[in-house]
Structure formats: C-alpha cells, structure tokens
Amino acid sequence: MIKVLFFAHLREMAGTNSVEVPLGDMALASDLLTGLKGYVPDALLNELQDQSAMVSINHRYAGWQGQLEEGAEVGILPPVSGG
Amino acid sequence: MIKVLFFAHLREMAGTNSVEVPLGDMALASDLLTGLKGYVPDALLNELQDQSAMVSINHRYAGWQGQLEEGAEVGILPPVSGG
Amino acid sequence: MDVIITSTDFSVTEHYDFVRAAAPHAGAVVMFVGLVRDFVSAQNYQQAGLVEVETAANIDYLELEHYPGMTEALCQDIVEQARERFSLDAVRVVHRVGKIAASEQIVLVVAASKHREDAFNGAQFVMDYLKTQATFWKKEVGTSGEQWLGLKQTDCDAAKRWGEPSDANNTHGNAHPNSQGTS
Amino acid sequence: MDVIITSTDFSVTEHYDFVRAAAPHAGAVVMFVGLVRDFVSAQNYQQAGLVEVETAANIDYLELEHYPGMTEALCQDIVEQARERFSLDAVRVVHRVGKIAASEQIVLVVAASKHREDAFNGAQFVMDYLKTQATFWKKEVGTSGEQWLGLKQTDCDAAKRWGEPSDANNTHGNAHPNSQGTS
C-alpha cells in the first residue's frame, strides 16, 4: 500500500487527511494521478493534473518523477506559505 | 572661552574631562593644538599632532578645519568603538 | 534542540536565554520574529498567485497547518545549512501551528555568533529558506472569507540571493514546481 | 523615544514589547543584541590598529564611555537615516555605558516593519552606522591589562555597504579621519 497525505486546500478538496491505495503497477508518483481515481474526488485529481503541487516521498521532496515503493508515504504539497 | 572635552585615552592623558581656554585669535579647531598649550600635558598635544583624532563643535562632527566661535564646545574624539 | 514546532504562543525571552546559555562566547545575537499582519493588500494576494482576490482584506486569524515529521526534518536541515555557511554558535527556530490571531507571533529565529555579520546572515538565511522550503501552509480568515496562501514571488527571490544549495542533499532544487518533471 | 543610553542592564523583552505596541501593523521584528565577548584574539587588536597587543586576552569587563548629548543626537540621526532608507514602523536603540562585565549585554537594536527585508536591513544599517559614527569608547580590562579599543576596519567596511550618506547633513564623511584637513 501507499499512504497519500494531502495538505491545505488539497486536503479540503480530498475531504480527508490521507488515503491508502494499493501500489499495484504504479512506478512513479505521477502514476498516482490515475491510481487515486475512486479514492478522492475527481475535482482533486483534475486540480493535480498540472503538477503544480509538489510531491514528497518518505518526508523528502521527490517530485512527480519520484519512485514509489511498497509502504511509501507520499505527501501532495501545495506551494508552502510558512513563516 | 572655548570648552574642550577629551574622551577615552585622550581624557586619561589630559588628566581631566575638559578645560576652558580663551578664544583669543584662534579661528580653526586646529589652532587648539597651540591654544591648549599650558592647559593640558605636552604629551597630549604631541599625541594630537597627527590629527588622527576627530573633532566635534557643538555636538556635530566638524574636523580640524571647523570654525571656532566664542562659547563653542569642542570635543576631541579618538576613533569610536561602541556597539 | 534547534527546532520547535508548537501549537501555543512562545516567549521570545525564553528562547533568547536558551541561545545565550548555549553560546556563552557569542558577541552577537540576532532575532527575527514574524507576526500575523492584521491587514493584507490585494497586491500581496496577486504576488501569491491568488489573482482572484483583488481587494485588500482585514485578517482576523490564521490557520497554520504543517506536515508533522517532514517539517521538523526540513527545518533542521535548513539550520544545518546555515551552520555550514556561517559561523554560528547557536541557533533556535520556533514555529507555531494551529489558530493564530492577528498581531500574534508566528515564528522566531535566534542566531548567535562571535560576529554580527554571521548572526544577521544566519537568521536571514534561515528565514528565507524556511519561507520557501518548510512544509507550512497558512489559511487567512478575515473580512474576505477564507483564503489559503501560496508561495510569494518575493520570498522566492529572497531565497535566491544565497546562490546554489551548499550540498547535494539539499532540497531546494526540488522545492520549486518548475524543476519537477512534466510527464 | 527611539534612543536610550543607560548605565544599567536592559531587558530585551521590555523593548520588544515597546516596539510591538508602537508598531501594531508590523509583520516582522528584527532584534540585534551585542554582548561583551569574554575573549578577544590578537587579530582583533590588530584590526583595531592596536598592533602592540599581539596575544589573545581574556576580558573581565568593559568600561564604556560616551559623549553625553552628542551621542544621543548621533544615534537619533542614524535612526532617522534608517527610516528614510527603509520602510520601518518603529525603531528602538538601547546602549549601555559604564562598567559592563564579560557576557553582559552592551547594545540592543529593535526594528519593526511590514516586511522582513526592511526590518533586517534597518537593524543592520543602524548597527553599522552606530559602530562607526556614534561617540562611544570601550576600554577592555582583562588578563592583558587595560586597553582602549579603536575603530575596526571590518566595521568601516560594513558601513560602506550602504553607499553614500543619504543627506547632506550626514556626518559620515567627517567621521573618518582621512576626510579631515591636515593644516
């Protein structure tokens, strides 16, 4: 399984903090754009299409080309605004 | 009269915080190098010969070419070291 | 501990005292405190890419969200990069999360050094990187409703002044959307 | 009151609170605290032009002397120059005089602004000019005896980063010995 976390307005669109999806034949973070189908609202997947959100894998910035592995924790991160 | 104030190591050399000297025919701060003779130790006047000390007149930086006027307060200021 | 994420307000004095005790030979301490501004101009929203908000707004409070675990690691990494670049005797970063009212404190950076130049640079570097890299998100709640803020262009520009990341493990390159793949 | 010269120690919190109250719309506060270093290297003495001191020394305390009246006017002038150059909501400068023990606080600069860049620049500008212009003198007392300190080359260089003085009444040009006449 892959645990996918959403933050800020993406979390609000997801209606949940996180979902778990089977790894299946997903290889890259960008495969989540189809792999998440049915787990989160389509509006959220449409929002992610332009890949302007950032991606972390196991707490490190990885990008949409990052490799997924069984048990990975993936963060879908809107542009940050701390400080 | 001109009131002349000394600071830091120059004050220690002068043995006093300040002296008053008659304006006489002094026109510029640099005239104090002779005008102070007899009021402060010669060693201090020798120390001031190279004019590496700064001069203020009435609380403003003026330089050794600054004009003296009756009643002026002149500061003889070693390089500063605050902060 | 260099980095503290907290859901309650913090005392500047407490952390100043901590850093002074941790850096007994320091000659300079620089502190930065970020506060919730009570008013945000339309220009700020535009800089954030939120062009739909075209009027100024009064802010009642922020909701500050973060990614627990990742945030602490990123902030610690930023502090370590600052230590590599500048001569720093001690650093502390405190960042609030949760609901924060207008005019309250959001973030504190304290940097101590033998020399004031390093202390200033250290604090400013940490703030610039924290703004552009650390996984915090702000929702402003006020007269114009609720609004998630995005990364500001001015903050991206500020972070660029420090040049290339100092080590290969640095995350800055990946933090910017434009550097990501477009498959 | 922007500038305070005091012969007793000061509370960072007290002045931070003052500036926050004076700048209710600020988003950024930068504070600089200068501390008495307990150890000074021979290199520092050489930079100060005090080449006769060639060994490092432990410092017990400083004697800090100033020119009452002129110091306050100079510091206020520096604060006003900072306000002209940067967008600052409030500034406070506190400088101790008299006997100050090793590790104690000497100077505090607090600058508040809507934006952190201005707050950082404002505090740094005030410190750079204060170091090179304000009429304070330090005597270090420690293991190598007593030693009056001179202006450091590093501080002159730091002040130069801000370019030409911003107005004709500025004293910076005259503050440097080389700009004075040699009659």
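I count two strands as paired if DSSP finds at least two bridges between them. Strands (E, at least two residues) and helices (H or I, at least four) are DSSP runs, numbered from the N terminus.

**Ground rules.** I am working on a predicted model, where local features need pLDDT of at least 70, side-chain atom pairs count only at pLDDT 80 or more, and totals for chains, interfaces and linings use all residues. Residues are numbered from 1 along each chain as its sequence is written, chains are lettered from A and ligands numbered from 1 in the order written, and side-chain values use heavy atoms, with hydrogens and water left out.

**Sheet, chain A.** I looked up the strand order. It is β2-β1-β5-β3-β4 in chain A, an open sheet of five strands with mixed pairing. β2 (18–21) and β4 of chain A each have a single partner strand and stand at the edges, so one side of each lacks a neighbour in the sheet. I followed β2(A) to its partner. Strand β1 (residues 2–6) of chain A pairs with β2(A) in the antiparallel sense over four bridges. Ile2(A) stands opposite Val21(A) there.

**Strand β3(A).** Next I took β3 (residues 54–57) of chain A. With strand β5 (residues 73–77) of chain A, β3(A) forms an antiparallel pair over four bridges. With β4 (residues 60–61) of chain A, β3(A) is antiparallel over two bridges. I checked Ser56(A) on both sides. Its bridge partner in β5(A) is Gly75(A), and in β4(A) Ser56(A) stands opposite Tyr61(A). Side chains came next. Met54(A) and Ser56(A) point one way, Val55(A) and Ile57(A) the other, and all are buried (under 20% relative accessible area; exposed is over 50%, partly exposed in between; 1.4 Å probe, protein chains only). The β3(A)–β4(A) hairpin has two residues between the strands, and Asn58(A) takes a positive phi near 50 degrees.

**Helix pair, chain D.** I then turned to α3 (residues 70–85) and α4 (residues 116–133) of chain D. Their axes come within 9 Å and cross at roughly 145 degrees (lines fitted to C-alpha atoms over the stretch in contact; angles run from 0 to 180 degrees between N-to-C directions). Contact (heavy atoms within 4.5 Å) involves residues including Leu74(D) and Ile78(D) of α3(D) and Phe125(D) and Leu130(D) of α4(D).
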